[in-house]
Amino acid sequence: MAGISNVSNDIAHDLRTPLARLRSQLALALRRAQTDGQRDDLETAIAMSDELLKMFAAMLRIAEIEGGDRRAAFATLDLAALAEEIATMMQPVVADGDRTLVLEPSPVAEIVGDHQLLGQMLVNLIENALRHTPPGTRIEIGVTTTGNTATLTVTDTGPGIPADQRKLALRRFGRLDASRHDEGHGLGLPLIQAIVRLHRGTILLEDAAPGLRVVIALPKG
């Protein structure tokens, strides 16, 4: 499995540059297009190229995080304050999607970690909830502390993930049956899991009855 992962990372690295060049050529052709049909086809091709570039970027990001080098940037931070910061930033996006974002009152939860990566993890969790839930969904974020552990939970009232598909959801390119035709590349939760592992934490997907609850436990030290 490690060998397969390394091969996929190498492929992503090697293909990203020629794909970026292809995207540039498509953009140049779009400027020269003479008919609406040509412009529509080229815009579609550019959008598909952008999705591939996003996929490769996510794969390389996971590889970078799994390498462990980011631990050099670890510092003491308050996970509850970070959750409030990200929730405030994401409120307009959630509201535009006709969902509700609620931040539960949380005590100070000091941990040692990478502020940027943990912020990205929270953004990805909220975006994941937006992508896979219908309008009207309620999304709740909470932080609790117990002993030497700080626990972050992100809960939604959407359709959730069946128990037999939760391991698949955490695998690279793991696409669930219900989201097979949705946008995305199946790297959102694996990227979150890579960040959690870097911080020597654990991630669980649980039934919120209804909806999905993502539970991330991180050591304080």
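Me: What is L152 in contact with, leaving aside its neighbours within four places in sequence?
Reply: In this predicted model, where contact means heavy atoms within 4.5 Å, L152 is in contact with L79, M121, L122, L125, I141, G142, V143, V214, V215 and I216. Because the model is predicted, local features need pLDDT of at least 70 and side-chain atom pairs count only at 80 or more, whereas totals for chains, interfaces and linings use all residues. Residues are numbered from 1 along each chain as its sequence is written, and side-chain values use heavy atoms, with hydrogens and water left out.

Me: Which residues touch the most other members of the largest nonpolar core?
Reply: A nonpolar core is a set of buried Ala, Val, Leu, Ile, Met, Phe, Trp, Tyr and Cys residues joined through side-chain atoms within 4.5 Å, and buried means under 20% relative accessible area (exposed is over 50%, partly exposed in between, with a 1.4 Å probe and protein chains only). The largest such core holds 45 residues, of which M121, L152 and I216 touch the most other members. At least two core residues come from each of α2 (36–66), α3 (79–96), α4 (115–131), β4 (138–146), β5 (149–156), α6 (188–198), β6 (202–207) and β7 (212–219). The largest share, nine residues, is from α4. In soluble globular proteins, nonpolar side chains tend to be buried together.

Me: Why is A75 called partly exposed, rather than buried or exposed?
Reply: Its relative accessibility is 41%, and therefore A75 counts as partly exposed. A75 lies in strand β1 (residues 75–78), where helices (H or I, at least four residues) and strands (E, at least two) are DSSP runs numbered from the N terminus. Not counting residues up to four places away in sequence, A75 touches I111, V112 and G113; V112 is 37 residues along the chain from A75, yet their C-alpha atoms are separated by 5.2 Å.

Me: What makes α6 mostly covered?
Reply: Nine of the 11 residues of α6 are buried, namely L189, P190, L191, I192, Q193, A194, I195, V196 and L198. For the protein, by comparison, buried residues make up 43% of its 221 residues.

Me: Why is α4 called roughly antiparallel to α6?
Reply: Axes are lines fitted to C-alpha atoms, for helices over the stretch in contact, and angles run from 0 to 180 degrees between N-to-C directions. The axes of α4 and α6 come within 10 Å and cross at roughly 150 degrees. Since angles over 145 degrees count as roughly antiparallel, under 35 as roughly parallel, 65 to 115 as roughly perpendicular and the rest as oblique, α4 is roughly antiparallel to α6. Here L117, L118, Q120, M121, N124, L125 and N128 in α4 meet G188, L189, L191, I192, I195, V196 and L198 in α6.
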